[in-house]
Amino acid sequence: MTLLDPTLTPDAAGDLIKEGTDASFMTDVIEASKHQPVIVDFWATWCGPCRTLGPALEKAVRAAKGAVKMVKIDVDANPAYAGQLRVQSIPTVYAFVNGQPVDGFQGAIPDSQIKAFIDKLTGGQGGSTETAQLLELGEESLSLNDLGGAAQAFAHVLQIEPENEKAIAGMARVYLADGDREQAAQTIAMAPLDSKDPSVQSVRAQLALAAKAPTGATAELEAKVAADPNDHQARFDLAEAQSAAGDFKGAVDNLLSIVKANREWNDQAARKQLLTIFEAAGLSSDVSKDGRRRLSSILFS
């Protein structure tokens with residue numbers, strides 16, 4: 001039976017939630033957390049807030065579809081590890097990864113905070129390990145220019161989680177790589193307008209750059225810049241054409257040249273365009289990191 005089998009229940013898929021003891025702690029928590037995150041809920045039968053938090057935690061863990069497990073420890077019956085972890089009030093929740101506690105909280109908290117806690121623990125995917133693997137496969141396929149494989153992986157995620165923003169952005173990037181900007185725009189429109197997901201913002205920035213690209217051929221613009229290196233408009237147009245074609249490094253180089261020569265040119269248009277390109281390339285990309293460093297060096301020299 002595969003992970004794709006819709007008849008597979010969460011508990012059958014991996015025994016996601018279990019009652020733990022001091023005797024089973026090493027196996028259920030320490031060893032298990034070396035394979036996936038484990039949440040430990042220290043509680044007691046007499047604790048009122050525990051009766052509120054426990055079911056909410058269980059619901060959130062099941063909603064994560066296998067990305068995290070949960071172990072419930074009754075501190076009255078199992079005081080050893082609660083004492084070692086200095087649990088002074090209950091409910092207390094610890095998250096374990098690779099055999100070590102990495103996060104936690106005390107008291108009953110709202111469902112939204114529980115979801116945020118689990119999302120942080122699982123890398124913000126808000127979904128199953130299967131989803132994470134498919135997203136990784138899609139990214140790898142894109143990096144190899146295997147557009148068919150990337151599209152298949154991202155589409156599979158969207159079948160499982162239709163609102164997954166990383167998969168939406170991934171599909172849009174597939175269309176961009178294939179030169180279909182119209183379909184890319186329609187796809188990214190599936191994501192919320194106020195999305196803060198970096199991959200969604202990157203696609204929208206790429207589309208904005210493509211929409212503003214000049215109609216002149218890149219070769220013609222390069223010739224104009226070569227003829228007059230101080231023609232900032234020609235250099236700016238060249239940078240727009242380069243960024244629309246995906247040559248972010250070339251665009252950054254030209255825009256930095258404008259900023260270095262005249263940072264106030266055209267109401268700081270070059271600096272503003274650089275920020276859009278950094279977003280399109282991805283804020284953690286080498287192009288963005290190097291470009292930001294060089295921009296800071298110019299502005300604060």
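Which residue of strand 3 stands opposite Lys18?

1. Before that is answered, a word on the model, which is predicted: local features need pLDDT of at least 70 and side-chain atom pairs count only at pLDDT 80 or more, whereas totals for chains, interfaces and linings use all residues. Residues are numbered from 1 along each chain as its sequence is written, and side-chain values use heavy atoms, with hydrogens and water left out.

2. The protein chain holds 15 helices and five strands, where helices (H or I, at least four residues) and strands (E, at least two) are DSSP runs numbered from the N terminus.

3. Strand 3, residues 69-74, has five of its six residues buried, buried meaning under 20% relative accessible area with a 1.4 Å probe and protein chains only. Across the protein chain, buried residues make up 45% of the 301 residues.

4. Strand 1 (residues 17-20) runs parallel to strand 3 and is joined to it by four bridges, and the residue that stands opposite Lys18 is Val71 in strand 3. Two strands count as paired if DSSP finds at least two bridges between them.

5. Strand 2 (residues 38-43) also pairs with strand 3 in the parallel sense, over six bridges, and here Asp41 stands opposite Lys72 of strand 3.

6. As for overall form, the C-alpha atoms of the protein chain fill a box of roughly 85 × 45 × 30 Å, taken along the principal axes. Among contacts (heavy atoms within 4.5 Å) in the protein chain with a separation of 6 or more, 61% are between residues 24 or more positions apart.

Methods:
Buried means under 20% relative accessible area, exposed over 50%, partly exposed in between (1.4 Å probe, protein chains only).
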